[in-house]
Amino acid sequence: MIKIWGRRSAYNVQKVLWTIGELGLAYQHIDAGGSAGGLDQPDFLAMNPHGRIPVLVDDDLTVWESNSIVRYLCANYSRDHLWAEAPAKRSLAERWMDWELATLQPDFLDLFWGFYRTPEALRDQQKIQHASLRCQKHFALLDAHLAEQAFVAGDAFSMGDIPVATSLYRYFEMGIPTPETPNVRRWYGALFERKAFRDHIMTSFDELYARQTF
């Protein structure tokens with residue numbers, strides 16, 4: 001059975017849980033990180049020497065780094081569906097996955113931590129504004145891309161949608177103004193119809209409010 005280590009409210013863990021949900025795979029979740037701790041324990045470091053979540057174990061294979069786990073699961077369990085066999089088509093999904101990791105995620109997490117996870121009295125409004133403007137720029141670019149197609153990598157849902165969309169629920173619901181992005185909103189509405197998205201992404205994140213640890 002697949003095992004996944006991490007706390008369910010962690011952004012990168014949610015990517016993996018959403019993927020598992022889409023694939024309908026049986027799995028065991030082991031709480032790790034945050035109040036559960038354990039990331040500095042020898043057994044955990046033997047799986048991931050970086051001491052970070054998520055970590056996935058599938059039989060004798062251990063995989064860490066969230067987007068790599070998403071790729072592995074889709075390649076192993078969803079070939080020519082979530083994982084496109086054609087290299088050119090798969091490349092489009094992977095480009096947006098890499099964009100999410102290198103560009104969108106750092107700025108979104110700056111915004112989320114600066115605004116939502118920082119007590120109001122300690123917030124740096126200038127840094128929040130800068131992070132918000134960067135996110136608006138990224139989502140405007142994504143909106144233009146989605147004007148041409150229904151999903152990130154074409155007309156069908158694929159692995160490329162998962163990392164890119166993981167931030168959407170928190171971005172729209174954490175209480176800051178968001179720009180008019182009709183194509184992103186339309187895409188968000190389509191994802192809302194997917195049970196795995198509702199189960200693993202559209203979940204309460206109240207426990208993180210004004211919490212500066214983990």
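Visitor: What makes E1 and E3 antiparallel partners?

Guide: Two strands pair if DSSP finds at least two bridges between them. Strand E1 (residues 2-5) and strand E3 (residues 55-58) are joined by 3 bridges and run antiparallel, so they pass that test. Trp5 has Val55 as its bridge partner in E3, and Ile4 stands opposite Leu56.

Guide: A word on sources: this is a predicted model, where local features need pLDDT of at least 70 and side-chain atom pairs count only at pLDDT 80 or more, while totals for chains, interfaces and linings use all residues. Residues are numbered from 1 along each chain as its sequence is written, and side-chain values use heavy atoms, leaving out hydrogens and water.

Visitor: What counts as a strand or a helix here?

Guide: Both are DSSP runs, numbered from the N terminus: H or I over at least four residues for helices, E over at least two for strands. Helix H1 covers residues 11-23.

Visitor: Why do E2 and E4 stand at the edges?

Guide: The open sheet of 4 strands has the order E2-E1-E3-E4, with mixed pairing. E2 (27-30) and E4 (61-64) each have a single partner strand, so one side of each lacks a neighbour in the sheet.

Visitor: Which residues of E3 are called buried?

Guide: Buried means under 20% relative accessible area, with a 1.4 Å probe and protein chains only. Val55 and Val57 point one way from E3, Leu56 and Asp58 the other, and all are buried.

Visitor: How many bridges link E3 to E4?

Guide: The two pair in the antiparallel sense over 4 bridges. Val57 has Thr62 as its bridge partner in E4.

Note on methods. Contact means heavy atoms within 4.5 Å. Axes are lines fitted to C-alpha atoms, for helices over the stretch in contact, and angles run from 0 to 180 degrees between N-to-C directions. Buried means under 20% relative accessible area, exposed over 50%, partly exposed in between (1.4 Å probe, protein chains only).
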